[in-house]
Amino acid sequence: MEFFNDVGGDPLKPTLFELIAQEQLRDLLQPALKYVLSVFAQRYPRYLLRIVNRHEEFYALLMLLVERHHLRTHGASFSENFYGLKRRRRPIFETERAKAAVPGVLPEEKLRDREIWRSLLILVGLPYLRTKAHEYFEDLGGGVQSEVMEESLVNQTRALSEEVCACPILSLAGRLRRMYKAVYPWLNTSFEAWLFLYNVAYLFDRTPFYRPWLSWIGVDIRRVGIDDLVSLADSSPSVGGTGPRSLLAILRRLLLASPRMLLNSINVMLPTAIFFVKFLEWWYSPSSPARALSSSPQGPAVPAPILAKPHPQGIRLDHTAYGVCPLCGDGFANATAVPSGYVFCYRCAYEYVDKHGRCPVTLVPARVWQLRKILI
């Protein structure tokens, strides 16, 4: 984005591409963190399963601490600071000195507590509410899934009749849920269109805010200049200092500085975690080199499993009839294997195992939950 620096009369005004890039980085944090927690929760469910089940609340609390630290220290959110941006308290009258890149940081541009808490409300509270609203919409059946679509098509007549019968006695909560399910897609689309219009207006210099709520907060987004870096370096405390050099004093300084160092290290840890998560998704995708190597014919072929020997009192098999169910004598309908390795139709295998509790060929004990559907 360096070639955009000299576009226009304000060199510190970020382009729309920089602002969208920092938002995309912020949107990638939650799924990356959820993926990492889900992986570790499989090994330590006692400690992490509750966190995974309440991931939205855990993520909101974590980002509240991270964003508050960055807003107070750097005057920007985490993703804005990563892309070299800052939040400036917008002056009532824009002067030439504020537009120009001159030495010195104006003290009236620093964020106050009011701007910080308003920014936290938008950065943390708004994404949390949108996530919970979308989850509730999916719980009401708003998400489109192939299995749900197929089942609804099969039972369409019954569902319509039940809906007609339930309309006269529908409770107030049921009516509100139905209204929410119908209105939510339109509200979400209108919200996205509203943001898109602000992006277009910002792109053509019709507004200084690329998001509508920035005017309510009273801030705008700027690039970080050399003077901001110098002031930040002067204000950051050093671990060594000029005080006493005793071991106890050094440990005390390290202990006091450890929370700040931990929060500052997030600038490196979170983007690195996102990179590795995306790398794993690409590596294990169907078109990745890992799948190509695993499906390469150069490797040794996996031998077929050895079937158990048929029992003399079991049903007889016709080894010349390939693809035929030994129980019904017809072609496989939803082929299913029993624990002994023999394949039957699902209905035939289910009825026989449910009645006799054994394999029809080998008489090996079997249960209904041990049946496995296969692809032939």
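Which residues does Val-361 touch, not counting residues up to four places away in sequence? Val-361 touches Pro-310, His-311, Gly-314, Ile-315, Leu-317, Tyr-342 and Phe-344, where touching, or contact, means heavy atoms within 4.5 Å.

## Before we start

This is a predicted model, in which local features need pLDDT of at least 70 and side-chain atom pairs count only at pLDDT 80 or more, while totals for chains, interfaces and linings use all residues. Residues are numbered from 1 along each chain as its sequence is written, and side-chain values use heavy atoms, with hydrogens and water left out.

## The chain as a whole

The chain holds 14 helices and five strands. Both kinds of element are DSSP runs numbered from the N terminus: helices are H or I runs of at least four residues, and strands are E runs of at least two. Of the 376 residues in the chain, 28% are buried. Here buried means under 20% relative accessible area, exposed means over 50%, and partly exposed lies in between, using a 1.4 Å probe and protein chains only.

The accessible surface of the chain is about 25,800 Å², and carbon and sulfur atoms account for 63% of it. Such areas come from the Shrake-Rupley method with a 1.4 Å probe, and for residues only the protein chains shown count as cover. If we take the contacts between residues at least 6 apart in sequence, 59% of them join residues at least 24 apart.

## Around Val-361

Let us return to the residue from the opening question. Val-361 sits in the loop between helix H14 (346–356) and strand S5 (372–373). Val-361 counts as buried because its relative accessibility is 0%. Pro-310, one of the residues it touches, is 51 residues away in sequence, yet the two C-alpha atoms are 5.3 Å apart in space.

The loop between H14 and S5 also holds Leu-363. Leu-363 has a positive phi near 60°, although it is a residue other than glycine. Its relative accessible area is 19%, so Leu-363 is buried.

## The largest pocket

What is the volume of the largest pocket? It comes to about 820 Å³, and 32 residues line it; the closest to its centre are Asp-27, Leu-126, Pro-127, Tyr-128 and Arg-130. On a 1 Å grid over the protein atoms alone, a pocket is an open set of points with protein on both sides within 12 Å along at least five of seven lines, and lining residues have an atom within 4 Å of a point. The grid points are joined across faces, edges and corners, and the volume is the space filled by probe spheres set on them.

Helices H1 (16–43), H3 (55–73), H6 (113–139), H9 (172–203) and H10 (213–217) each supply at least two residues of this lining. H6 gives the most, with twelve residues. By residue type, the lining divides into 18 nonpolar, four polar and ten charged. In this grouping Ala, Val, Leu, Ile, Met, Phe, Trp, Tyr, Cys and Pro are nonpolar, Asp, Glu, Lys and Arg are charged, and the others, Gly among them, are polar.

## The loop between H9 and H10

Asp-205 lies in the loop between H9 and H10. Asp-205 has a positive phi of about 60° although it is not a glycine. With 57% relative accessibility, Asp-205 counts as exposed.

Phe-209 is found in the loop between H9 and H10 too, but Phe-209 is buried, with a relative accessible area of 12%. Not counting residues up to four places away in sequence, Phe-209 touches Arg-90, Tyr-198, Tyr-202, Leu-214, Ser-215, Val-219 and Asp-220.

## Cysteines and a buried histidine

How many disulfides are there? The count comes to zero, where a disulfide is a pair of cysteine sulfur atoms within 2.5 Å. Cys-328 is in no disulfide, and the nearest cysteine sulfur, that of Cys-325, is 3.8 Å away. Cys-328 is partly exposed, with a relative accessible area of 35%, whereas Cys-359 is buried, at 1%.

His-55 belongs to helix H3. Is His-55 buried or exposed? His-55 is buried, with a relative accessible area of 1%. Leaving aside residues up to four places away in sequence, His-55 touches Gln-30, Leu-33, Lys-34 and Leu-37.

Key. On a 1 Å grid over the protein atoms alone, a cavity is a set of points where a 1.4 Å probe fits but cannot get out, and a pocket is an open set with protein on both sides within 12 Å along at least five of seven lines; lining residues have an atom within 4 Å of a point.
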